[in-house]
Amino acid sequence: MQRIIVADDVELNREILRSMLEDDYIVEVAKDGEQAIGKLREYYRETAVVLLDLQMPHTDGFAVIDEMKGKGWIKKIPVLVISGDYAVEVENRCFEMGVADFIHKPFERSIVKKRIKNAVDLFNGKNQLERKVQEQARALKEQNRIIQAQAEKLREGRAFGRLMMEYRSAIMEVETRLKVLNDEFSIEYNRNPFESIKSRLKSPASIYEKLERKGFPISVESIKENLNDVAGLRVICSFPDDIYRLAELFTRQDDISLIREKDYIKFPKCNGYRSLHLILSVPIFLSDKKEHVRVEVQFRTIAMDFWASLEHKLKYKKDLDEADEIGLQLKLCADSIEELDYQMQEIRDKIDRSRS
């Protein structure tokens, strides 16, 4: 049976509350705040609720609440203030300090029991949720530890190191070919089709996590067969038509194979994201052979690249109060960016025609 601590300097109040509650709880009584704190220290883990008078000699109710806050007890045990006619300012102060509710005099048995039950149920639910969150955090920490340990094993393997070298070589191959096309455009058309290239190689931890999540074997061969985005490049273009022109010229090269295309420019994602994604098979030339390696290449405009970096921050922020509103604003921005990209492209075309 759980305990209730009733702290009130008026003996009649203590006895009335004891008689109301002793059928459901073990009732501990205290005639002042010092005794109440002593009872809490003794029965902290068994106490379901504290009924607390504020005006008591020596150590008052506010001192008890301060002690409970200092010990962290007030987050686990609901405090219901035994109230006469306190001013609004006093009640507000109590709520700010963490008090769960008030029990007003004269006491009505059914109301007292319901207020206590509501407070206990609410705190039990909150405490269970906190324990669940803590358990999930511990499980996630353990999962991350396992991922890091397995990733370290991958990293140390000679075959894995060679595979990462091949992916790095494929990135350099794609970068070189794109830069050649860029130089050619600057001579032929007096402008460049892209502004910059950003590349990245997936970390061993990310590789392991993705294989594990998708149920693929953890091996070098599995990485090659099942993952298309270990090596990735992002090509930032000024205008939408440059994206398509550059992608077409690149994939027309006779030793490049297009494995998959996802056009999020013509068919945007529901959040407004627009980009052209290509999975390519790219040749690399080693000392003893030629290998084909898969590379993911994403083409997007300057404005959409800026948008995507902001949206990425939202995606990985779990505690934003206005996430839905921000997501809607980002969607509107993405639509405006598309309109602006094509307007700028039209202006460029007019400039180009005036020169010819």
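How closely do the axes of helix α3 and helix α4 approach, and at what angle do they cross? In this predicted model, the axes of α3 (residues 61-71) and α4 (residues 88-97) come within 11 Å and cross at roughly 20°. Because angles under 35 degrees count as roughly parallel, α3 is described as roughly parallel to α4. The crossing of the two helices is left-handed. On the α3 side, the contact is formed by F62, I65, D66 and K69; α4 contributes V90, R93, C94 and M97. Classified by residue type, the contact between α3 and α4 comprises five nonpolar and three charged residues, with no polar residue.

The largest nonpolar core of the model contains 36 residues, among which I223 and F299 have the most contacts inside the core. At least two residues of this core are supplied by each of the helices α6 (158-188), α7 (204-214) and α9 (240-251), and likewise by each of the strands β6 (194-201), β7 (231-237), β9 (276-285) and β10 (290-301). The greatest contribution comes from α6, with nine residues. When neighbours within four places in sequence are set aside, F299 is in contact with V235, C237, I243, L246, A247, S275, L276 and L278.

Note on methods:
Residues numbered from 1 in each chain as written. Predicted model: local features only at pLDDT ≥ 70, side-chain atom pairs only at ≥ 80, totals over all residues. Heavy atoms only, no water. Axes fitted to C-alpha atoms, helices over the stretch in contact; angles between N-to-C directions. Helix = DSSP H or I, 4+ residues; strand = E, 2+ residues; numbered from the N terminus. Parallel < 35°, antiparallel > 145°, perpendicular 65-115°, else oblique. Left-handed = near helix turned anticlockwise from the far one by under 90°. Contact = heavy atoms within 4.5 Å. Nonpolar A, V, L, I, M, F, W, Y, C, P; charged D, E, K, R; others polar. Core = buried A, V, L, I, M, F, W, Y, C linked by side-chain atoms within 4.5 Å. Buried < 20%, exposed > 50% of the residue type's maximum accessible area, 1.4 Å probe, protein only.
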